[in-house]
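Visitor: I have a structure to go through and some quick questions about it. Can we put it up first?

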Amino acid sequence: MSAVLSIRDLAVRFSTPDGVVPAVNEFSLELAPGECVGIVGESGAGKSQSFLAVMGLLAGNASVSGSARLGETELLGNDREALNAVRGSKLAMIFQDPMTSLTPHLRVVDQIGESLVRHRGLSKAQARQRALELLRLVQVTDAERRLDQYPHELSGGMRQRVMIAIALACDPTVLIADEPTTALDVTIQAQILALLAQLKRERGMSMVLVTHDLGVVAGIADRVVVMYGGRIVEHGAVKDILLAPQHPYTRALLASMPRIDEVGNAPLQAIGGQPPNPRRLPNGCAFHPRCALAADRCANERPALNVAAGRAVACHFPIRVDAHD
Amino acid sequence: MLRYALRRIFGVIPTLFIIIALSFFVIRLAPGGPFDEDQTLPPEVKANLEAAYGLDKPLPEQFVRYLGGLAQGDFGPSYKFKDFTVTELIAQGLPVSLMLGLSAVLLALLVGIPLGTLAALRQNSPTDYGIMAVAVLGIALPSFVTGPLFALIFGLHLRWFPVAGWEAGEYRYLVLPVITLSLPVIAYIARLTRGSLLEVLRTNFVRTARAKGLPERQVILRHALRPALLPVVSYLGPATAFVITGSLVVETVFGLPGSGRYLVQGAINRDYTLVMGMIVVYGGLTLTLNLLADLLYGWLDPRVRYD
């Protein structure tokens with residue numbers, strides 16, 4: 001099956017007063033139709049920057065190289081017209097912070113409607129009708145009244161639903177969800193995730209879910225990409241990665257998840273040390289200073305991403321487990 | 001929005017009252033009176049004059065009488081321009097001053113906002129630096145320097161506009177004064193717009209608008225510019241005050257028969273009613289423009305309407 005979104009060798013750099021800071025390196029990913037890929041990693045691992053680059057939404061001081069194709073359209077070229085023709089229609093994104101991601105002075109109906117007017121050529125009345133359907137689709141209560149409200153009149157969960165409605169307005173083939181639940185409280189998080197999973201299933205949409213929460217990934221993703229220090233360190237089917245992680249970082253990440261079945265006050269497992277500063281990435285494997293299995297080689301030679309048996313890992317000493325059930 | 005507007009409008013009345021009361025008593029603190037100047041009048045004549053104008057009454061009583069007149073739209077007689085009432089004097093000068101001031105504010109908005117927007121969109125380019133350099137000059141140069149300079153260049157040398165003077169209905173006499181008066185305001189508004197637009201362009205909601213694939217023009221005009229104009233609108237109040245005081249200078253430089261001179265002459269002559277009349281009119285004007293700014297603010301940002 002051909003990929004709907006195909007990213008090759010994406011690199012993102014920021015020029016700052018202190019020099020050039022690499023944020024993402026050699027990032028490649030193929031997204032199949034109807035598939036959901038989870039992108040996990042700590043803050044600063046380059047998860048969000050990779051996909052903001054794909055959307056052409058990076059800050060002005062960023063430079064991007066590589067290729068990202070949505071169908072026939074190259075997104076990383078400098079053709080703003082071509083990019084604007086697919087953003088908001090075939091390729092949509094929802095963001096981390098629903099409280100600040102909606103324009104404060106525009107009514108909900110206008111914010112949902114404008115991409116319909118832009119990409120589908122709907123009239124204002126048609127766009128209003130469609131906006132109402134979309135609000136109902138994302139399970140906003142009292143949808144009719146919400147249409148004419150301003151963002152500040154809505155709760156955080158409600159605003160994220162409106163963001164999802166905006167993203168879904170033109171039936172995108174690919175939806176990028178950048179930490180869509182991080183800013184919401186736990187019960188709302190579960191509702192939004194269930195909604196996203198349901199929408200993805202019903203519409204056969206491909207989805208990229210950027211998160212630092214492996215639990216979220218386990219719930220809806222088909223594949224997982226684990227990032228560290230701006231690079232992919234492990235990549236594979238959800239079951240393989242969660243049950244038999246090969247990269248020590250993935251394993252440490254999994255071990256640091258609190259478990260509901262562990263009774264008592266077992267201390268939370270944490271990964272020692274700090275996430276690396278992208279300005280001063282360690283030589284060799286970026287994870288080696290925090291890795292329990294690190295050897296001399298890890299400090300000198302950066303491991304390549306080795307692809308084998310449907311999964312990939314970038315480690316000199318991957319953890320091998322024969323059977324995982 | 002209507003309730004917000006009404007609340008704002010009723011808020012103006014007590015403010016205006018405080019302005020009137022304060023200035024009424026403060027003027028009287030200044031030494032001397034309207035009939036102390038020039039030739040010394042015989043005490044009996046002066047007493048007669050003061051009695052005729054009610055100046056012999058206790059101050060609180062004078063104040064109440066003044067307010068009573070004001071409520072009926074009567075600003076009282078001028079003590080110095082003896083054949084005129086204050087209303088007549090203001091009616092002579094105010095239209096010219098109003099036209100000058102309002103045109104200057106309008107021009108400042110029409111030029112300042114697009115300039116600031118252009119500078120922000122071309123941040124750190126020669127266009128940006130050029131606009132900002134001119135803006136700094138515009139703020140730094142006082143109008144008693146730029147005014148004569150413009151009169152010299154565009155009036156004397158190029159002969160595009162009259163150097164000075166006024167004829168009713170001849171708007172070309174207003175061109176140079178309006179430009180002179182609005183230049184610092186243009187500069188300030190351009191700087192305000194640039195700074196706040198740059199900030200708004202970095203917000204998450206502008207990112208959302210871009211993610212919708214909207215053309216950049218629509219992102220700016222529909223999503224970014226309205227919140228970016230909030231500081232400009234807040235500045236409208238102070239801008240009005242600036243234009244009012246600035247018009248005193250500009251009217252003098254260009255020989256315009258505005259009302260600004262009455263404020264100065266009235267204050268020097270202790271022409272209490274004339275000064276009070278000017279204060280009431282200019283105070284009311286400033287409050288009205290501030291009110292307008294408040295209402296605009298409520299329109300620009302729906303969150304302001306609910307407090």
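This is a predicted model: local features need pLDDT of at least 70, side-chain atom pairs count only at pLDDT 80 or more; totals for chains, interfaces and linings use all residues.

Visitor: Start with chain B. How many helices and strands does the secondary structure come to?
Guide: Chain B has 12 helices and zero strands. Read from the N terminus, its elements go α-α-α-α-α-α-α-α-α-α-α-α.

Visitor: What box do the C-alpha atoms of chain B fill?
Guide: Taken along the principal axes, the box is roughly 85 × 55 × 30 Å.

Visitor: And what share of chain B counts as buried?
Guide: The figure is 36% of the 307 residues. As for contacts within chain B with a separation of 6 or more, 74% of them come from residues 24 or more positions apart.

Visitor: Let's do helix packing. How do H4(B) and H5(B) cross?
Guide: The axes of H4(B), residues 86–121, and H5(B), residues 126–140, come within 8 Å and cross at roughly 140°. Angles over 145 degrees would count as roughly antiparallel, so this pair is classed as oblique.

Visitor: Left-handed or right-handed?
Guide: The crossing of H4(B) and H5(B) is left-handed.

Visitor: Which residues make that contact?
Guide: H4(B) contributes Leu115(B), Leu118(B) and Ala119(B), while H5(B) contributes Thr127(B), Asp128(B), Ile131(B) and Met132(B). By class, the contact has five nonpolar residues, one polar and one charged.

Visitor: What about the loop between H4 and H5 of chain B?
Guide: Asn124(B) is in that loop. Its phi is near 65°, a positive value in a residue other than glycine.

Visitor: Is Asn124(B) buried or exposed?
Guide: Asn124(B) is exposed, because 9 other C-beta atoms lie within 10 Å, and 12 or fewer counts as exposed.

Visitor: Back to helix pairs. What is the angle between H6(B) and H10(B)?
Guide: Roughly 30°, with the axes of H6(B), residues 143–157, and H10(B), residues 230–253, coming within 10 Å. Angles under 35 degrees count as roughly parallel, so H6(B) and H10(B) are roughly parallel to each other. The crossing of this pair is right-handed.

Visitor: Which residues meet there?
Guide: On H6(B) they are Ser143(B), Phe144(B), Gly147(B) and Pro148(B), and on H10(B) they are Gly246(B), Val249(B), Val250(B) and Val253(B). The contact of H6(B) with H10(B) has five nonpolar and three polar residues, and no charged ones.

Visitor: Where is the kink in H7(B)?
Guide: The kink lies at Ser182(B), shortly before the proline Pro184(B), and comes to about 40°. H7(B) spans residues 172–201.

Visitor: How many residues of H7(B) are buried?
Guide: 24 of its 30 residues are buried, and the helix is mostly covered.

Visitor: Pick one residue in H7.
Guide: Tyr173(B) lies in that helix. Tyr173(B) is buried because 22 other C-beta atoms lie within 10 Å, where the cut-off is 20 or more.

Visitor: What does Tyr173(B) touch?
Guide: Not counting residues up to four places away in sequence, Tyr173(B) touches Pro162(B), Gly165(B), Trp166(B) and Glu167(B). Tyr173(B) and Phe254(B) are 81 residues apart in sequence, with their C-alpha atoms 8.7 Å apart.

Visitor: Change of topic: the interface. How many residues of chain A are in contact with chain B?
Guide: 24 residues of chain A contact 19 residues of chain B. On the chain A side, the elements that give two or more residues are H2(A), 80–86, and H3(A), 108–120.

Visitor: Which element gives the most?
Guide: H3(A) does, with four residues. The chain A side divides into 10 nonpolar, 10 polar and four charged residues.

Key:
Residues are numbered from 1 along each chain as its sequence is written. Chains are lettered from A and ligands numbered from 1 in the order in which they are written. Axes are lines fitted to C-alpha atoms, for helices over the stretch in contact, and angles run from 0 to 180 degrees between N-to-C directions. Angles under 35 degrees count as roughly parallel, over 145 as roughly antiparallel, 65 to 115 as roughly perpendicular and the rest as oblique. A crossing is left-handed if the near helix is turned anticlockwise from the far one by less than a right angle, and right-handed if clockwise. Two residues are in contact if their C-beta atoms, placed from the backbone, lie within 7 Å. Ala, Val, Leu, Ile, Met, Phe, Trp, Tyr, Cys and Pro count as nonpolar, Asp, Glu, Lys and Arg as charged, and the others, Gly among them, as polar. The bend at a residue is the angle between axes fitted to the seven residues ending there and the seven starting there.
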